[in-house]
Amino acid sequence: MLSLAFPPANVAPVAWVALTPLLGAARGTRAGRGAGLGLAFGIGFFGVLIYWFSIVGWLAWGLAVLLEGSFVALFGAAWAVVSRRFRGAIGVPAAAALWVASDLLRARFPWGGFTWGELAQSQHNLAWMLKSAAIAGGWGTAFLIVAANCCVYLGLQQLRADKAAATRFAIGAAALIALPMVAP
């Protein structure tokens, strides 16, 4: 689903909810399970996103997808552990910081990194959303997107038990996405 936010589909708002299943599935699990879920998500995402890499060869494509997916696996493992410790709203910035950290590593390693597929790039056709990049770079935009995803997940989780909390998380997600509109 996340690959739809990138070219050629360019449905940028998909990025605001596409991480929700991974956040929910890996939340509070063991690190190994979180890594496995992250790897599956990463393989699906990068497998579709960098299909063009197959022009180099299918083996190269497969290795690139596995390598890039391993960074999402790292996120999944870290989120599984951290989400046990940080419950509720405090998990929102934790999830966002972990995603940005894994993306930062992916942009640096190995051999100078591979930056295609960073969340900020999915917003390229939404000028108002990219205003946050002028202030905090692509990492800041990615932080907002992951935080919004986490708010969506936590809101859905609270929907039956605590409608007021679910509403607060929905407002939080909307505020995070709208925040760049007020940026200079």
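A residue is called buried when its relative accessible area is under 20%, exposed when it is over 50%, and partly exposed in between (1.4 Å probe, protein chains only). The views below show a predicted model, in which local features need pLDDT of at least 70, side-chain atom pairs count only at pLDDT 80 or more, and totals for chains, interfaces and linings use all residues. Residues are numbered from 1 along each chain as its sequence is written, and side-chain values use heavy atoms, with hydrogens and water left out.

**View 1**
Ala-97 is found in helix α4; helices are DSSP runs (H or I, at least four residues), as strands are (E, at least two), and both are numbered from the N terminus. Ala-97 counts as partly exposed because its relative accessibility is 40%. Between Ala-97 and Leu-144 there are 9.8 Å in space, C-alpha to C-alpha, although the two are 47 residues apart in sequence. Helix α4 covers residues 91–108, and its end C-alpha atoms are 26 Å apart, which agrees with the 26 Å that its 18 residues should span at 1.5 Å a residue. The expected span of a helix is 1.5 Å times one less than its number of residues.

**View 1. The buried residues of α4 and their surroundings.**
Among the buried residues of α4 are Gly-91, Val-92, Leu-98, Trp-99 and Val-100. Which helices do the buried residues of α4 pack against? They pack against α1 (20–26), α2 (31–49), α3 (58–85) and α5 (131–158). Contact here means heavy atoms within 4.5 Å. Ser-102, which is found in helix α4, counts as buried at 6% relative accessibility. Ser-102 touches Phe-71 and Phe-75, when residues up to four places away in sequence are not counted.

A salt bridge is a side-chain nitrogen of Lys or Arg within 4 Å of a carboxyl oxygen of Asp or Glu. Side chains of opposite charge can pair when their charged atoms come close. By the salt-bridge rule the count comes to two. Salt bridges that share partners join Glu-68, Asp-103 and Arg-106 into one network. An α-helix has 3.6 residues a turn, so residues three or four places apart point the same way.

**View 2. The kink in α5.**
Helix α5 has 28 residues, and its end C-alpha atoms are only 31 Å apart. A straight helix would reach 40 Å at 1.5 Å a residue. Where is the kink in α5 centred? The kink, of about 120 degrees, is centred on Gly-137. The bend at a residue is the angle between axes fitted to the seven residues ending there and the seven starting there.

**View 3. The segment before α1.**
A cis peptide bond, with omega about 10 degrees, joins Pro-7 and Pro-8. Pro-8 has its place in the segment before α1. Asn-10, in the segment before α1, has a positive phi of about 60 degrees although it is not a glycine. At 26% relative accessibility, Asn-10 counts as partly exposed. Val-17 also has its place in the segment before α1, and its relative accessibility of 35% makes it partly exposed.

The peptide bond from Phe-109 to Pro-110 is cis, with omega near -15 degrees. Trp-111 has a positive phi of about 50 degrees although it is not a glycine. Trp-111 is exposed, with a relative accessible area of 81%.
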